[in-house]
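Please keep the sequence and the structure in view while reading.

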Amino acid sequence: MNNTNEQALPSTRPYLIRAMHEWCTDNGFSPYMAVHVDRSVQVPMEFVNNGEIVLNVSHDATSGLHIGNDWIEFKARFGGVAREILVPVTHVLAIYARENGQGMAFPPPEPQVSEADAGAALPGESGGTDGGAPAAQRGPQLRAVPTEESLAQGTGGDGSPEPGGPKGPRPALKRVK
């Protein structure tokens with residue numbers, strides 16, 4: 001295939017996000033979105049954990065939801081306070097049904113380093129050991145999904161403590177073939 005045509009094609013990510021959101025909604029599930037947070041994301045920072053936030057993007061939890069090709073925008077309440085949320089589509093790590101964990105995961109965004117920021121990483125960011133290989137060469141990078149054992153111990157899949165919230169088994173992403 002011609003490389004020029006491949007480079008001109010838009011990303012499939014926003015189309016897949018919209019499709020999973022529609023699937024969740026049509027089947028009575030609550031669509032949740034895991035988002036990588038950096039300076040380009042507008043979310044309540046007090047709810048960010050390890051550079052990520054999970055957002056309920058159901059129609060009941062949002063107002064004015066628009067999933068565009070470049071940005072996801074909506075208003076939502078956090079602790080009773082209405083907030084404007086702006087998320088670049090490239091920063092969506094996963095979209096899944098809260099009730100059963102079925103959904104899709106995406107590779108994390110490529111770090112955008114300007115000359116001014118070349119020496120300063122964002123909090124929680126660190127350099128990888130992939131030698132700077134492009135994401136297409138590295139493949140998807142997924143985080144550990146909590147097991148029943150780790151949930152019983154009160155830790156996440158990576159051993160970190162679980163944040164407060166609803167108790168019970170935490171939904172996990174499942175591969176849908």
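Over which residues does pLDDT, the predictor's confidence in each residue from 0 to 100, stay under 50? This applies to residues 115-144, for which the model has 18 contacts (heavy atoms within 4.5 Å) beyond four places in sequence. Over residues 155-166 the pLDDT is likewise below 50. Where pLDDT is low, the predicted coordinates should not be read in detail. The protein chain as a whole averages a pLDDT of 76, and 59% of the residues score at least 70.

This is a predicted model, in which local features need pLDDT of at least 70, side-chain atom pairs count only at pLDDT 80 or more, and totals for chains, interfaces and linings use all residues. Residues are numbered from 1 along each chain as its sequence is written, and side-chain values use heavy atoms, with hydrogens and water left out.

Strand 4 (residues 71-78) pairs with strand 3 over three bridges; His66 stands opposite Glu73, and Ser63 has Lys75 as its bridge partner. With strand 5, strand 4 pairs over eight bridges. In the hairpin of these two strands, Gly79 takes a positive phi near 60 degrees.

Along strand 4, Ile72, Phe74, Ala76 and Phe78 point to one face and are buried (under 20% relative accessible area, with exposed over 50% and partly exposed in between, for a 1.4 Å probe and protein chains only).

Definitions and conventions: Two strands pair if DSSP finds at least two bridges between them. Helices (H or I, at least four residues) and strands (E, at least two) are DSSP runs, numbered from the N terminus.
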